[in-house]
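This report describes strand pairing, helix packing and aromatic contacts in a predicted model. The sequence and structure are shown first.

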Amino acid sequence: MKTLLAAAALGLTTLATGAFADGHESFPERPIMMMVSYGAGGATDFQARIVTMTAGNEDALGMPIAIINKPGAGGRVGWNWFATQADADGYTLGAYNIPHFIAQSIEGGVEYSADSFEPIANWGADPAVFVVGADSEFNSMTDVVDYAKANPGKLTFSGAGLFVGHHIAALQLEKAAGVKLAYIPSNKGGAGAMKSVIAGEVLGGVNNLSDAFRAQEAGNVKILGVFDLERNEFLPDVPTLKEQGFDIDNASVNFRGVMVPKGTPQPIIDKLAATVPTMFENSRVAGKMKAGGSPMHIMTRDEVLAMWAAREETLKELLAGL
């Protein structure tokens, strides 16, 4: 009798497991939404629309991905919504920005942390750069720092928000140069911060390389330095901050990718993790990203998990010392 009961239980378990698996084999069956925590026109939005453009192809997900913008408070509005209200069913994806949401969770006042989300894949690594208006008297980071030393607290410059990559870069610059700067976070993300520089509302700005590249190509700004360990292939003539004498590493480099809410069924996570990186590798995607000055850095789910953990440790140490 016990043997029969055990066999019956095993059969039911097998059926249930099979039914669960079968229920996700056809995923996705309808269009997917991807939430971007920044406004239309900024680097994250610009890149998200490119890297998802082939989602509807038969060799990808077979369903299109629509971008939904939920900007505000340096990304906090969107990520709070994603962590607390988004359905964990695979049909609601989110774009992540590192170090942004990890630094914000360390500082507190938000409803998310790295444990709130499950990464799928990474598409890019966008360094922060220091920009000034095309007609600015500043032509190097030494010019910028000399002005800041002579005018404490009066060097106004914009960025996409508090405790985003731009702000991390600004904090590092203050510490490395021994100056006090007037960082002005924009409530309209990187696009709004760049407009402030172009309009002359601030003396300079820290922004994404990809946004700055396009603005420089249009003749609107000059790029004076890159917050990374090496020069970038898109800006071979622009030196890093370290080359210009400032001890600044790559902690502010903006990694971008796709994630889902915690609680999303594992078969769906596995399907997305296997498929999404191939979308990023598409030649049309790569071509449009290159044309837009957007550096790609494709990473698998396992690689992103390791990167998130490493960045969290780095940011805890960095923010504790600032």
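Strand E6, residues 156-159, is paired with strand E8, residues 204-208, in the parallel sense, and two bridges join them. Within this pairing, Phe157 is found opposite Gly204 of E8. The two strands belong to an open sheet of five strands, arranged in the order E7-E6-E8-E5-E9 with mixed pairing. Strand E7 (182-185) and strand E9 (221-227) are the edge strands; each has a single partner strand, so one side of each lacks a neighbour in the sheet. From one strand to the next, the twist averages 30°. In general terms, the strands of a sheet pair through backbone hydrogen bonds, in either a parallel or an antiparallel manner.

| Helix pair | Residues | Axis distance | Angle |
|---|---|---|---|
| H7 and H8 | 189-198 and 209-217 | within 10 Å | roughly 40° |
| H4 and H11 | 100-107 and 301-320 | 10 Å | about 50° |

For helices H7 and H8, the axes cross at roughly 40°, and the two helices are therefore oblique to each other. H7 passes H8 in a right-handed crossing. On the H7 side the contact is made by Gly190, Ala191 and Met194, and on the H8 side by Asp211, Ala212 and Ala215. Sorted by class, this contact of H7 with H8 has four nonpolar residues, one polar and one charged.

For helices H4 and H11, the packing angle is about 50°, which makes H4 oblique to H11. The crossing in which H4 passes H11 is right-handed. H4 contributes Phe101, Ile102, Ala103, Ile106 and Glu107 to the contact, while H11 contributes Trp308, Glu312, Leu315, Lys316 and Leu319. By class, the contact of H4 with H11 has seven nonpolar and three charged residues, with no polar ones.

A search of the whole structure finds 16 aromatic pairs. One of them is formed by Phe27 and Tyr91, whose rings are edge-to-face, at 5.1 Å centre to centre and with 70° between the planes. Phe27 lies in the loop between helix H1 (2-25) and strand E1 (32-36), and Tyr91 in the loop between helix H3 (76-84) and strand E3 (92-98), so the pair ties together parts that are 64 residues apart in sequence.

Technical notes. Residues are numbered from 1 along each chain as its sequence is written. This is a predicted model: local features need pLDDT of at least 70, side-chain atom pairs count only at pLDDT 80 or more; totals for chains, interfaces and linings use all residues. Side-chain values use heavy atoms; hydrogens and water are left out. Two strands pair if DSSP finds at least two bridges between them. Helices (H or I, at least four residues) and strands (E, at least two) are DSSP runs, numbered from the N terminus. Axes are lines fitted to C-alpha atoms, for helices over the stretch in contact, and angles run from 0 to 180 degrees between N-to-C directions. Angles under 35 degrees count as roughly parallel, over 145 as roughly antiparallel, 65 to 115 as roughly perpendicular and the rest as oblique. A crossing is left-handed if the near helix is turned anticlockwise from the far one by less than a right angle, and right-handed if clockwise. Contact means heavy atoms within 4.5 Å. Ala, Val, Leu, Ile, Met, Phe, Trp, Tyr, Cys and Pro count as nonpolar, Asp, Glu, Lys and Arg as charged, and the others, Gly among them, as polar. Rings of Phe, Tyr and Trp (its six-membered ring) pair if their centres lie within 6.5 Å; planes under 30 degrees apart count as stacked, over 60 as edge-to-face and the rest as tilted.
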